[in-house]
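Dear colleague,

Please find below the structure that I promised to pass on to you.

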Amino acid sequence: MTASERGFSTLETSHAQLATGMAPGRALRPKAKVLPEHARSHNRSLVLQTLYRSGERSRADIARETGLTRVTISDLVAELLTEGLVVELGQRESARPGKPAVLLDINRTAYQIIGIDLSEHTTFRGAVLDLDGQILERAEIPLASSTGAEATAKVVSLTEQLVGLATAPILGIGVGSPGVVDLSGTVLTAANLGWVDEHLQDILQARTGLAVVVANDANVAVLAEHGYGDAAGDMMLVTIGHGVGAGLLVAGALVYGSRFAAGEIGQVMVGTDLGLEVTYNRDQVLEHWLAVPLLEQRIQEAEAAGGTSGPILREAGQRLGIALAPVVGALNLSEIVLSGPTELLDGPLAQATIETLRNRTMAEFHGNLTLRMTTQGQDIVLRGAAVLVLSGQLGVS
């Protein structure tokens with residue numbers, strides 16, 4: 001099966017619409033009716049979202065839950081049945097008199113999604129996922145210190161390999177990349193990969209003929225926690241690995257920032273050890289205390305000298321709390337989620353972080369702030385890439 005045959009056989013959504021789906025301020029999950037000029041696409045997403053999250057609903061159920069008329073629901077369902085996005089499951093068992101209602105659901109086997117994670121410093125990882133974010137196939141390519149055009153070639157190779165592993169039409173390709181990424185999927189800068197103004201989204205679309213969306217890996221990760229995890233409201237997900245980054249969800253929408261660098265907290269200077277008058281110093285930024293390679297090196301040195309990891313992890317947690325406190329205070333966030341090595345983060349580091357946050361913010365407004373580890377494990381970026389595609393193509397998450 002060719003790439004085009006695996007693509008949009010009945011789904012007529014364009015590549016531009018996929019990018020628009022991730023526009024700033026756009027709520028990930030539609031919940032109510034909108035103005036007539038926007039109604040058709042919005043209401044279509046509303047129906048799909050209801051089925052995606054709830055499953056097995058009749059037309060009357062959907063009408064009640066969305067507030068749309070039964071005529072509108074019947075029209076939209078007929079369209080979605082024709083496209084193969086929705087299926088009829090049969091009649092509901094009912095003791096009531098009259099004809100039983102026919103149950104509907106998203107056609108969860110109609111399409112598959114390609115997810116790619118470029119955030120690890122040694123390996124590019126990818127997967128074929130179903131519409132529920134379950135991983136069906138995996139593939140990876142060693143980075144081997146590749147940068148620039150060589151790194152891009154490896155992304156293309158991995159993508160083509162994954163397309164070949166798909167067994168159903170591909171809804172789209174989602175990519176989580178380190179660095180600053182704009183809404184066109186251009187990596188404005190990713191120092192570790194040697195990319196500057198790398199038009200990664202355009203390159204992959206041209207090579208595969210499929211819809212592609214490329215976004216910052218931390219933003220992709222926060223989508224996974226929102227879509228498949230236990231996230232309940234406004235939240236910040238902090239990714240801790242070779243560097244430190246964060247994804248922000250506020251009022252149900254991703255926060256990008258004026259230059260697409262929202263969440264780039266790793267380079268925020270949190271050390272005042274050299275005095276308040278010192279200018280920006282890379283040795284005093286958050287990554288200096290929190291990046292995993294540096295953290296592991298300090299722990300090894302401490303243990304070799306007969307010490308323990310506790311003081312080092314607590315100091316790292318305090319520095320993280322110092323960096324996060326103004327953000328929590330400004331946005332009144334309810335939840336902080338950590339993503340990274342559990343053995344380093346879940347313990348003294350996390351405890352020191354939440355203690356510092358509570359000491360540095362107003363208790364009456366931020367006393368219920370929670371901090372926890374992600375529920376998504378090492379596949380968080382792969383699963384978030386699936387949410388990227390689902391949100392952009394179908395308006396669901």
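S14 and strand S15 (residues 370-373) pair in the parallel sense over 4 bridges, where strands count as paired if DSSP finds at least two bridges between them, and where helices (H or I, at least four residues) and strands (E, at least two) are DSSP runs numbered from the N terminus. Within this pairing, Leu338 stands opposite Met373 of S15. Before going further, please note that this is a predicted model, in which local features need pLDDT of at least 70 and side-chain atom pairs count only at pLDDT 80 or more, while totals for chains, interfaces and linings use all residues. Residues are numbered from 1 along each chain as its sequence is written, and side-chain values use heavy atoms, with hydrogens and water left out.

S14 and S15 belong to an open sheet of 5 strands, which has the order S13-S12-S11-S14-S15 and mixed pairing; its edge strands are S13 and S15, each of which pairs on one side only. In general, the strands of a sheet pair through backbone hydrogen bonds, either parallel or antiparallel. Strand S11 (residues 235-240) runs parallel to S14 and is joined to it by 5 bridges, with Leu237 having Val337 as its bridge partner in S14. Towards strand S12 (residues 244-250), by contrast, S11 runs antiparallel, and 6 bridges join the two; here Met236 stands opposite Leu248 of S12.

How many residues of strand S14 (residues 335-339) are buried? The count is 5 of 5, where buried means under 20% relative accessible area, exposed means over 50%, and partly exposed lies in between (1.4 Å probe, protein chains only). Both faces of S14 are covered, with Glu335, Val337 and Ser339 buried on one side and Ile336 and Leu338 buried on the other.

H10 lies across S11, S12 and S14 and runs at about 160° to S11; axes are lines fitted to C-alpha atoms, for helices over the stretch in contact, and angles run from 0 to 180 degrees between N-to-C directions. Helix H10 (residues 310-331) also meets helix H12 (residues 348-360), their axes coming within 7 Å and crossing at roughly 40°. Among the residues that make the contact are Leu313, Leu320, Leu324 and Val328 of H10 and Leu349, Ala352 and Leu357 of H12, contact meaning heavy atoms within 4.5 Å. By class, the H10-H12 contact has 11 nonpolar, 6 polar and 2 charged residues, with Ala, Val, Leu, Ile, Met, Phe, Trp, Tyr, Cys and Pro counted as nonpolar, Asp, Glu, Lys and Arg as charged, and the others, Gly among them, as polar.

Thr361 is found in the loop between H12 and helix H13 (363-366), and it counts as buried because its relative accessibility is 14%. A polar atom of the Thr361 side chain lies 2.7 Å from the backbone oxygen of Leu357. Leaving aside its neighbours within four places in sequence, Thr361 is in contact with Ala325, Val328, Gly329 and His366.

Another open sheet has 3 strands in the order S7-S8-S9, with antiparallel pairing. Its edge strands, each pairing on one side only, are strand S7 (180-181) and strand S9 (195-198). S7 is joined by 2 bridges to strand S8 (residues 187-190), and Val181 stands opposite Val187 of S8.

Ala144, although not a glycine, has a positive phi of about 50°; it is found in the loop between strand S5 (135-142) and helix H5 (148-165) and counts as exposed because its relative accessibility is 59%. Phe260, also not a glycine, has a positive phi of about 65° and is placed in the loop between strand S13 (253-254) and helix H8 (286-290). At 27% relative accessibility, Phe260 counts as partly exposed.

**The chain as a whole**

The secondary structure comes to 14 helices and 15 strands, and buried residues make up 53% of the 397 residues in the chain. Among contacts between residues at least 6 apart in sequence, 64% join residues at least 24 apart.

With best wishes

Notes:
A polar contact is a pair of N or O atoms within 3.5 Å; within protein, one must be able to donate a hydrogen and the other to accept it, and residues adjacent in sequence count only if both atoms are side-chain atoms.
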